[in-house]
Amino acid sequence: MRKTDKKIDNAIRDALTLVCDHAQLSFEGFQWLTHYVNYDNFPNSLKIICIFNTDEQLANLRQGDYGRLLRQLIKQHLADINVVIKNVDKQVLFDSEQACVTTHNGKWAQKLAQH
């Protein structure tokens, strides 16, 4: 990773930490989030995965306007550090702890490789 990539990654991590803190208070079942990126194709390769506790909580997020609100929160915090997401619906994804246990025996590295 180049020095400039490391700086961008640290800024992304800080911005997403703020999102995570807010989301834990605002979205039922929200647990954590993570991101990955290929800096050779940045920012188009940036993916953020928001993890909820159960599939039911994830379904509730998708039924209401909450998924859009969480995506907009992420988009805004990234814009604050001059990272522009072009397609927030494809770059911000949702998953659940329950689904990971069911499909990958709780092994997130394997599950995240599918995103």
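Q: Hi! What percentage of the 115 residues in the chain is buried?
A: Buried residues make up 40% of them. Buried here means under 20% relative accessible area, while exposed means over 50% and partly exposed is in between, using a 1.4 Å probe and protein chains only. This is a predicted model, where local features need pLDDT of at least 70 and side-chain atom pairs count only at pLDDT 80 or more, while totals for chains, interfaces and linings use all residues. Residues are numbered from 1 along each chain as its sequence is written, and side-chain values use heavy atoms, leaving out hydrogens and water.

Q: Okay, how many helices and strands does the chain have?
A: Six helices and three strands. Starting at the N terminus, the order is α-β-β-α-α-α-β-α-α.

Q: And why call the chain as compact as a globular protein of that length?
A: Its radius of gyration is 14 Å, close to the 13 Å given by the globule rule for 115 residues, so the chain is as compact as a globular protein of that length. The radius is taken over C-alpha atoms, and the rule is 2.2 Å times the number of residues to the power 0.38. Along its principal axes, the C-alpha trace spans about 40 × 30 × 20 Å.

Q: Now the sheet: in what order do its three strands come?
A: S1-S2-S3, in an open sheet with mixed pairing. S1 (30-36) and S3 (92-96) are the edge strands, each pairing on one side only. Two strands count as paired if DSSP finds at least two bridges between them.

Q: Is S3 mostly covered or mostly open?
A: Mostly covered: five of its five residues are buried. Val92, Phe94 and Ser96 point one way, and Leu93 and Asp95 point the other way.

Q: Switching topic, at what angle do H1 and H3 pack?
A: Helix H1 (residues 3-26) and helix H3 (residues 66-79) pack at about 145°, with their axes 9 Å apart. Axes are lines fitted to C-alpha atoms, for helices over the stretch in contact, and angles run from 0 to 180 degrees between N-to-C directions.

Q: Which residues meet there?
A: Among them are Ile12, Leu16 and His22 in H1, and Leu70, Ile74 and His77 in H3. Contact means heavy atoms within 4.5 Å. The contact residues divide into 10 nonpolar, two polar and no charged. Ala, Val, Leu, Ile, Met, Phe, Trp, Tyr, Cys and Pro count as nonpolar, Asp, Glu, Lys and Arg as charged, and the others, Gly among them, as polar.

Q: Last one: which strands does H5 lie across?
A: Helix H5 (residues 97-104) lies across S1, S2 and S3, running at about 70° to S3.

How values were computed: Helices (H or I, at least four residues) and strands (E, at least two) are DSSP runs, numbered from the N terminus.
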